[in-house]
Amino acid sequence: MSTLVLKRPDEVELIRESARIVAEALDLAGSLARPGMATAEIDRQVKAHIEERGGVPSFLGYHGYPASTCISVNEQVVHGIPNGRVLREGDIVGVDIGVYRKGYHGDAARTFAVGEVDPEARRLLRVTEEALLRGIEAIRPGGRLGLVSHAIQRHVEAEGFSVVRDLVGHGIGRKLHEDPQVPNFGPAEAGPVLRPGLVLAIEPMVNQGTWEVYTLEDRWTVVTKDGRLSAHFEHTVAVTENGPEILSRTA
Ligand code: MF3
Ligand code: CO
């Protein structure tokens, strides 16, 4: 039994347009992620960029979320609220952006190094992005979603890191969060069969130490239980007859 929403090509095109604005906004955020920059200033400039391109920030007001972006520093996993915190050399900063335009959402995230960061932090960023790409490459029409989850978990754990269990990726389209849930862990045989027209937001969250997390008193910011670093990369991806197509790219 499946209630997955499959998108027509014209709908995928609209998601692509929203996701491209997300990718541009992430490029902007990456250029701003330097020592001395406050996270609220990144949020402000990203919001301005989205609006200039005719979009609306998907996250602003979502279940009461108070900002346009999620900006998560160091041991913060996801859903950090931009504020007066100033980035320092050696931080890693995850920026997650959603754009709604013409009835469709795009959603993507990257984690940036602020100035020079230590080699283990750099390796965490590399492995998390690689895990995302391996998960995407595992997509084939007629194959199960578990192939994606399994590919991500396998790469992360082979590198000695851990995958967050409490949060997952999701279908995306007219709503920011649609079925199916996209876990970053689990057996290859699990989950629904992937069909052309399915659009997914795949988003591994990878910890240096334990996979366990908790939410701060602000009721949004998710942090690692052991205080060690966490990284997050996300793409909006369409399943096509020929395999995966990443929509959250500028090119
Ligand atoms: N990309 C995240 C997600 O898909 C961020 C959304 S959290 C929000 O869940 F509440 F700020 F929207
Ligand atoms: Co998402």
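How far does a polar side-chain atom of Asp96 lie from a nitrogen atom of ligand 1? The distance is 2.6 Å.

## Ground rules

This is a predicted model, where local features need pLDDT of at least 70, side-chain atom pairs count only at pLDDT 80 or more, and totals for chains, interfaces and linings use all residues. Residues are numbered from 1 along each chain as written, chains are lettered from A and ligands numbered from 1 in written order, and side-chain values use heavy atoms, leaving out hydrogens and water.

## Around the ligand

The residues surrounding ligand 1 include Phe59, Tyr62, Cys70, His79 and Trp220; "near" means a heavy atom within 4 Å. This shell divides into five nonpolar, three polar and four charged residues, where Ala, Val, Leu, Ile, Met, Phe, Trp, Tyr, Cys and Pro count as nonpolar, Asp, Glu, Lys and Arg as charged, and the others, Gly among them, as polar.

For Glu234, a side-chain N or O atom is 3.3 Å from a nitrogen atom of ligand 1. The protein buries 94% of the 330 Å² that ligand 1 exposes when taken alone (Shrake-Rupley method, 1.4 Å probe).

## A three-stranded sheet

Elsewhere, an open antiparallel sheet has the strand order β6-β10-β13 (strands are DSSP runs of E, at least two residues, and pair if DSSP finds at least two bridges). β6 (162-163) and β13 (230-232) each have a single partner strand, so one side of each lacks a neighbour in the sheet. Strand β10 (residues 205-207) is joined to β13 by three bridges, and Val206 stands opposite Ala231 in β13.

Technical notes. Polar contact = N/O pair within 3.5 Å; in protein donor to acceptor, adjacent residues only side chain to side chain. Helix = DSSP H or I, 4+ residues; strand = E, 2+ residues; numbered from the N terminus.
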